[in-house]
Amino acid sequence: MTTELKAGNEKLNRLGLDKLDYKGRPSTLCSGCGHDSITSQIINVCWELGVDPQHLIKMSGIGCSSKSPAYFMNRAHGFNTLHGRMPSVTTGAMMANRELKAIGVSGDGDTGSIGLGQFKHLLRRNVPMVYIIENNGVYGLTKGQFSATADVGQKLKYAGTNELTPIDLCLEAVSSDCGFVARSFAGDAKQVRELLKAALSYNGTAVLDIISPCVTFNNHEDSTKSYPYGKAHEERIHDISFIESREEIQVDYDPGTTQIVQLHDGPIIQLRKLDEDYDPTDRGAAMQLLEEAHAKQEFITGLLYINQTRQTLSEIHNLPRTALADLPSEKLRPSKEVFDKLIGDLLA
Amino acid sequence: MSALIEQPIEKSERSDQPPIVNDFTINVATVNGSGSQTANATIIRALFKMGIPVTGKNIFPSNISGLPTWYTIRVNKDGYTARRDSTEILVAFNSQTADADLESLKEGAVCIHPQDVVLKDKANRPDVIFYTLPVKQFVKEANVDVKLRDYIANMAYVGVIMELLGIEPEQVKAALQTHFKGKAKPVEINYNMVNKAAEYVRNNLPKQDPYKVERMNATTGKFMIDGNSAGALGAIFGGVSFVSWYPITPSTSLVDALNDYLPELRPEDENGKATYAVVQAEDELAAAGMVIGAGWVGARSMTATSGPGISLMTEFTGLGYFAEIPGVIWDIMRMGPSTGLPTRVSQGDVLKTYYLGHGDTKNICLLPSNMKECFEFGWRAFDLAERLQTPVFVLSDLDLGMNLWMTDPFDYPAEPMDRGKVLTAAQLKELQGKWGRYEDVDGDGIAYRTLPGNQHPAAAYFARGTGHNPQAGYSERPDDWENNLARLAQKHDTARTLVPKPAVDERAGAKVGIISYGSADPAVVEARDQLREAGIETSYLRLKALPLDETTREFIGKYDHVYVVEINFDAQMRSLLQLHTPEYATRLIAANKCDGLPLTAQFIADKVKQGEGKA
């Protein structure tokens with residue numbers, strides 16, 4: 001996308017920043033980890049879109065995935081919080097300054113088990129943030145236990161065979177009326193990139209459930225969270241492109257095969273239909289699609305659901321654009337006159 | 001009238017005994033949920049407006065309606081406000097407890113009861129003065145909506161007490177007007193019932209008891225408030241901008257008060273925007289998480305909870321301590337362990353909260369004892385949290401938080417808000433971007449922080465609960481770990497010098513010291529006077545905060561025996577004092593009680609007399 005680039009210097013984006021300015025510290029994850037490829041896409045996308053790192057917060061819980069915010073955008077404040085509790089900390093942070101943008105990185109253990117309650121309540125509140133789940137079906141840092149997203153019949157070296165029904169985090173998100181729900185695959189860089197761009201432009205909680213293989217504990221041929229399985233079985237429900245503004249749309253797109261979703265601030269999501277006729281603005285259809293995919297053991301990816309009608313939490317609370325932290329003392333502490341009147345009323 | 005027949009004429013001689021003026025306790029026994037709060041508040045307000053010192057304590061069950069509840073109103077000309085064990089006037093409006101309530105009365109006490117509350121032992125208690133009322137008949141005659149019947153039935157005892165004690169009727173009416181915010185209809189319905197009962201007493205029940213009230217001048221310039229409202233007001237004058245919370249007794253009314261007062265005291269700005277948000281969380285974990293998130297970004301954030309909620313906030317407290325993030329947590333202490341007695345008072349969270357977290361954690365705890373301190377610590381907690389970049393706890397309790405107390409007017413914060421060490425983009429530019437988030441530049445253990453949104457390219461740091469070096473980088477190096485903990489310990493020592501100093505009252509010749517805190521204070525104040533009369537002079541140190549300081553050490557060093565008065569089973573503050581002053585450990589004597597009730601002066605005086613061999 002050359003349009004974002006400063007004329008004359010393709011290495012700088014519209015903020016005049018080099019891609020190096022979006023880098024983080026070197027990753028300490030296993031070589032080949034799906035999480036690192038997602039990290040690269042975050043860097044690419046934020047640089048391309050010219051996201052201001054100084055207005056971004058990087059949030060995470062605990063686990064392999066939650067280490068990733070350290071590996072991108074050193075110029076953004078980050079917070080590696082508690083296991084499963086990233087949603088509440090982000091809620092507080094985004095209420096304190098609604099001008100910030102938040103990217104949260106979580107995992108399937110962090111979101112699907114210990115943090116399931118906070119995840120659901122975050123969605124209820126519609127706190128503006130991109131919520132990425134790097135989903136590999138396994139606990140890596142504690143060496144190979146099943147997570148709640150592991151499919152029935154999955155085998156792990158130490159944990160044996162999983163007998164329990166998986167939690168589908170996209171289905172959970174859609175059922176909570178989260179307004180942006182997508183699933184992707186770390187091995188599908190282009191789709192991850194386009195979905196990330198769209199998510200960053202969405203006003204509300206945007207959930208990206210990205211199957212991100214664990215090369216150490218869960219990348220064997222018969223694992224549904226492995227690279228080989230993902231590459232062989234991924235079924236895109238549409239071809240997604242993110243376009244920064246309407247002017248750039250190809251003039252002659254075919255409404256029969258292409259759906260256009262206009263986001264609030266102007267950007268466009270262009271969805272080119274593939275085999276199925278699927279409308280991601282239909283919540284019932286999204287739930288049905290996920291249920292059917294589950295029954296047929298299909299690995300579907302794409303933008304599953306989008307709804308732009310909900311208010312965000314800071315809108316509901318009528319918060320100002322100024323960060324609460326930046327409100328001057330005279331706006332925070334009522335005056336002596338107000339105090340004297342209060343005391344007078346109490347004495348009455 | 002049967003009520004008349006039940007009053008043997010010979011008892012009337014009692015009216016000849018000298019009157020007991022402005023010094024007695026009324027105990028109102030009712031059924032929870034029957035609306036007796038209105039009746040009790042009316043009596044208290046009326047007495048207060050007559051210039052007579054008064055306090056009210058609600059001893060209530062964990063229940064919406066149906067279980068027994070007691071409300072004690074202490075009238076005391078000397079201004080003592082602690083609970084007393086004995087009752088002079090019993091209002092026995094609950095048949096479930098009436099027999100036991102009667103049994104607890106001493107000779108000469110009064111029992112006011114409706115005809116339909118049948119007292120098994122009435123005939124065996126000629127030493128008690130009974131006033132019996134046809135309350136059902138009153139209610140029938142009042143002809144009000146069936147839903148209001150229970151409520152107005154309680155107004156009958158207001159009328160009896162007004163008449164028997166001599167409370168000014170216009171003050172009762174004024175109290176009702178305040179309670180119902182001037183709404184004429186409810187005031188009329190309730191006041192009619194008060195009058196009806198008073199008139200019945202005048203015509204049918206000659207006064208046989210010695211108790212009466214007389215107008216005084218001891219409440220001028222004071223008002224009545226509960227500690228949760230005072231704390232909420234303090235927080236508002238401290239500039240609170242973010243509140244998240246989860247309902248739990250007895251802290252809920254603090255957030256209710258924030259919601260009541262904030263719209264009035266912090267109206268929308270010139271653009272019609274709010275300057276604060278109050279978010280009800282899904283649990284206390286999330287409430288603490290939101291506080292930490294908002295505090296990290298620079299908002300003055302707080303929550304209010306009680307023991308079980310504090311347990312759930314443990315991990316976040318550890319994170320806040322270690323990642324060094326400000327936040328204010330009010331713990332309105334109730335009785336544990338476990339769900340315990342959720343509607344009864346305790347000071348049982350002292351040790352836990354001071355050390356809350358895992359690993360080596362020590363937290364700032366403020367310990368208000370009265371309404372002025374609830375207000376003051378309400379705003380000061382934010383200054384301390386931002387100055388020290390750490391969670392600050394305010395340990396109030398159910399007695400302070402939910403009961404009505406007399407107070408002098410609060411003081412407007414004398415100091416400007418202290419926002420602590422926050423580097424702006426301009427300051428970072430001056431520093432050429434060179435700074436370390438956990439670097440101790442000033443030698444006080446407190447490092448500088450930046451807030452997300454700071455536009456300087458070097459402003460960002462990565463907040464984490466994992467091991468870190470002075471630049472906030474991840475580190476597992478033994479020296480980084482040790483140095484960081486040492487700096488945190490130094491910061492805690494800095495906190496010792498910043499938290500409110502203890503209040504010390506030393507008396508010449510005293511050999512005995514008393515240390516106490518929180519809602520135990522009124523009982524200590526009264527006990528000291530009783531002890532002085534018994535020939536035991538005492539000095540008193542009232543703690544206002546943790547960590548403990550040198551004043552406390554010096555105080556303990558001066559006395560042979562120091563009694564530590566508190567409301568918990570394990571004598572928790574004594575343990576902290578012993579750790580603080582191991583050299584004096586054996587001087588510290590536990591004077592603790594833990595039965596769900598506020599302390600009495602009697603208990604403390606007895607304990608000290610016993611310890612001093614003067615029992």
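Because the model is predicted, local features need pLDDT of at least 70 and side-chain atom pairs count only at pLDDT 80 or more, whereas totals for chains, interfaces and linings use all residues; side-chain values use heavy atoms, with hydrogens and water left out.

**View 1. The interface of chain B and chain A.** In this interface, 71 residues of chain B are in contact with 54 residues of chain A, contact meaning heavy atoms within 4.5 Å. The two chains bury about 5,200 Å² between them, 66% of it on carbon and sulfur atoms; buried area is the accessible area (1.4 Å probe) that two parts lose on being put together, summed over both. Glu282(B), Tyr412(B) and Phe462(B) supply 13% of the area that chain B buries against chain A, more than any other three residues. The count of salt bridges between the chains is 2, each being a side-chain nitrogen of Lys or Arg within 4 Å of a carboxyl oxygen of Asp or Glu, and in a salt bridge the side chains of Glu282(B) and Arg125(A) meet at 2.8 Å, N to O. Strand β2 (residues 77-80) of chain A runs parallel to β18(B) and is joined to it by 3 bridges, with Phe462(B) as the bridge partner of Gly78(A). Helices (H or I, at least four residues) and strands (E, at least two) are DSSP runs, numbered from the N terminus, and two strands pair if DSSP finds at least two bridges between them.

**View 2. Strand β23 of chain B and its two parallel partners.** In strand β23 (residues 561-566) of chain B, 5 of the 6 residues are buried, so the strand is largely enclosed by the rest of the structure; buried means under 20% relative accessible area, exposed over 50%, and partly exposed in between (1.4 Å probe, protein chains only). Strand β20 (residues 512-517) of chain B is joined to β23(B) by 5 bridges and runs parallel to it, and Ile514(B) stands opposite Tyr563(B).

**View 3. Thr81(B) in its loop.** Thr81(B) is placed in the loop between β4 (68-76) and β5 (89-92) of chain B, and with a relative accessible area of 15% Thr81(B) is buried. Not counting residues up to four places away in sequence, Thr81(B) touches Thr55(B), Lys57(B), Arg74(B), Trp405(B), Met406(B) and Pro522(B).

**View 4. Two cis peptide bonds in chain B.** Gly336(B) and Pro337(B) are joined by a cis peptide bond with omega about 10 degrees, and Pro337(B) lies in the loop between β13 (327-335) and β14 (341-345) of chain B. A cis peptide bond also joins Leu546(B) and Pro547(B), with omega about 5 degrees; Pro547(B) is found in the loop between β22 (545-546) and α19 (550-557) of chain B.

**View 5. Positive phi values in chain A.** Lys143(A), a residue other than glycine, has a positive phi near 75 degrees; Lys143(A) is placed in the loop between β5 (138-139) and β6 (145-146) of chain A and is exposed, with a relative accessible area of 55%.

Note on methods
Residues numbered from 1 in each chain as written. Chains lettered and ligands numbered in written order.
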